[in-house]
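Visitor: I've never read a protein model before. Could you walk me through this one, feature by feature?

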Amino acid sequence: MTTGPDEVIVAVADGVLLLDVAGPVQVLTDAGGYRVRLASLDGGSVRTDVGISLSSTLRLSDVDELDTLVVPGYPSHEFAAMVSELADQMRRLATRARRVVSVCTGAFLLAEAGLLDGRRATTHWEACAEFARRFPRVTVDPDAIYVWDGSIVTSAGGSAGIDLALALVGEDRGEDRARAVAKHLVVFLQRPGGQAQFSARGAVAAPRNATLRQALERVVADPGGDHRLATMAAELAISERHLSRLFRRDLGTTPGQFVERLRVEAAQALLESGDATVPAVADAAGFGSPETMRQAFLRVLGVAPSAYRNRFRLANHRTRPDRRP
């Protein structure tokens with residue numbers, strides 16, 4: 001089978017995440033100049049994660065030439081059943097494609113195929129730890145919306161496939177065309193911040209070391225308290241050097257970075273659920289000043305506190321009509 005230079009093949013199988021397919025397909029179709037087709041293992045239709053079927057007229061094994069291979073994600077319980085056969089096709093098609101891209105947990109398929117060894121990559125924030133454990137030869141960036149490493153691009157979960165597709169359009173058709181598509185779809189051309197602003201808070205596992213657990217419990221109980229290294233070490237009756245070593249060994253971070261992260265989390269909760277001013281939130285979370293909090297938010301989340309509040313304010317704190325009788 002001979003294909004054009006802008007042939008895009010989306011590899012699909014039963015259980016594929018519908019949004020991972022629909023987002024990139026919509027962007028590339030709206031951009032124009034792409035021929036986007038779905039291909040499955042047997043050439044037949046596939047059932048998505050939400051029960052909607054997608055028609056496919058191509059067998060993956062029949063695809064010989066293509067410009068871009070798109071590999072969407074799958075729920076973990078669907079993944080194991082077809083990973084071997086799909087990974088074989090990914091290896092074969094990667095040698096024929098100009099570039100290979102994955103959306104969400106599609107990165108697992110690329111890694112299983114050995115295509116990410118020695119590269120940087122990302123996937124859905126919930127799957128990053130498992131991904132790093134299973135594929136130690138891959139450098140995982142858990143905060144990136146998408147990672148471009150040579151001819152392979154990986155992206156975070158769900159709507160990050162739209163961000164990724166817009167980046168492809170920008171490379172192929174120019175930023176003006178990508179901007180026009182983003183405007184039409186009412187999405188960011190370049191989303192502010194990374195995955196960290198969407199991830200679950202307090203996800204640090206309890207360390208085995210009792211002294212370190214005690215240190216963490218003190219910070220979690222009172223993020224705004226005095227948690228300078230010297231103070232923490234004195235309270236725990238250990239040296240500052242030893243405390244720093246425990247943090248690095250068990251958590252892969254410094255005491256200061258851990259405290260900053262917990263204070264950001266405390267501020268996130270206050271910004272989402274209350275009406276306190278930014279200076280008041282900064283004081284309550286232990287930052288001391290709004291500027292210190294702003295710098296911490298930019299380091300940890302990639303977005304400023306005011307922008308975070310506007311984006312994530314809980315629905316029950318928005319203005320609603322009075323429904324009382």
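Visitor: Where is alanine 237?

Guide: Helices (H or I, at least four residues) and strands (E, at least two) are DSSP runs, numbered from the N terminus. Alanine 237 lies in the loop between helix H8 (229-236) and helix H9 (240-251). This is a predicted model, where local features need pLDDT of at least 70, side-chain atom pairs count only at pLDDT 80 or more, and totals for chains, interfaces and linings use all residues. Residues are numbered from 1 along each chain as its sequence is written, and side-chain values use heavy atoms, with hydrogens and water left out.

Visitor: What is the phi of alanine 237?

Guide: Its phi is near 60°, a positive value in a residue other than glycine.

Visitor: Is alanine 237 buried or exposed?

Guide: Buried means under 20% relative accessible area, exposed means over 50%, and partly exposed is in between (1.4 Å probe, protein chains only). Alanine 237 is exposed, at 69%.

Visitor: And which residues of H8 are buried?

Guide: Thr231, Met232, Ala233 and Leu236 are. They pack against helix H7 (210-221), H9 and helix H10 (255-273). For packing, think of contacts: heavy atoms within 4.5 Å.

Visitor: Which cysteine has a positive phi?

Guide: That's cysteine 104, with a phi of about 55° although it is not a glycine. Look for cysteine 104 in the loop between strand E7 (99-102) and helix H3 (106-112). Cysteine 104 is buried, with a relative accessible area of 5%.

Visitor: How do I read a sheet?

Guide: Strands of a sheet pair through backbone hydrogen bonds, either parallel or antiparallel. Two strands count as paired if DSSP finds at least two bridges between them. Here seven strands form an open sheet with mixed pairing, in the order E5-E2-E1-E6-E7-E11-E10.

Visitor: Which strands stand at the edges?

Guide: Strand E5 (58-59) and strand E10 (146-149) do; each has a single partner strand, so one side of each is left without a neighbour in the sheet.

Visitor: How many bridges join E5 to strand E2?

Guide: Two, and E2 (residues 35-40) pairs with E5 in the parallel sense. To find the spot, look for alanine 39, which stands opposite leucine 58 in E5. Helix H1 (residues 18-31) packs on the sheet too, touching strand E1 (7-11) and E2. The direction of H1 makes about 155° with that of E2. Such angles run from 0 to 180 degrees between N-to-C directions, and axes are lines fitted to C-alpha atoms, for helices over the stretch in contact.

Visitor: What about E7, which residues point to each side?

Guide: Arg99 and Val101 are on one side, Val100 and Ser102 on the other, and all of them are buried, so both faces of E7 are covered. Strand E6 (residues 68-71) pairs with E7 in the parallel sense over four bridges, and threonine 68 has arginine 99 as its bridge partner in E7. E7 also runs parallel to E11, joined by three bridges, with valine 100 opposite isoleucine 152.

Visitor: Which way do the residues of E11 point?

Guide: In strand E11 (residues 152-155), Ile152 and Thr154 point one way and Val153 and Ser155 the other, and all are buried. E11 pairs with E10 in the antiparallel sense over four bridges; tyrosine 146 has serine 155 as its bridge partner. These two strands make a hairpin with two residues between them, where glycine 150 takes a positive phi near 65°.

Visitor: How do I describe two packed helices?

Guide: Two packed helices are described by the angle between their axes and the distance between the axes. For helix H5 (residues 160-173) and helix H6 (residues 175-185), that's an angle of about 145° with axes 7 Å apart. Leu166, Val169, Gly170 and Arg173 in H5 meet Glu175, Arg177, Ala178, Val181 and Ala182 in H6.

Visitor: Where does pLDDT stay under 50 with five contacts beyond four places in sequence?

Guide: pLDDT is the predictor's confidence in each residue, from 0 to 100. The stretch you want is residues 314-325. Over residues 1-5 pLDDT stays under 50 as well, with eleven such contacts in the model. For the protein chain, the mean pLDDT is 84, and 86% of the residues reach 70 or more.
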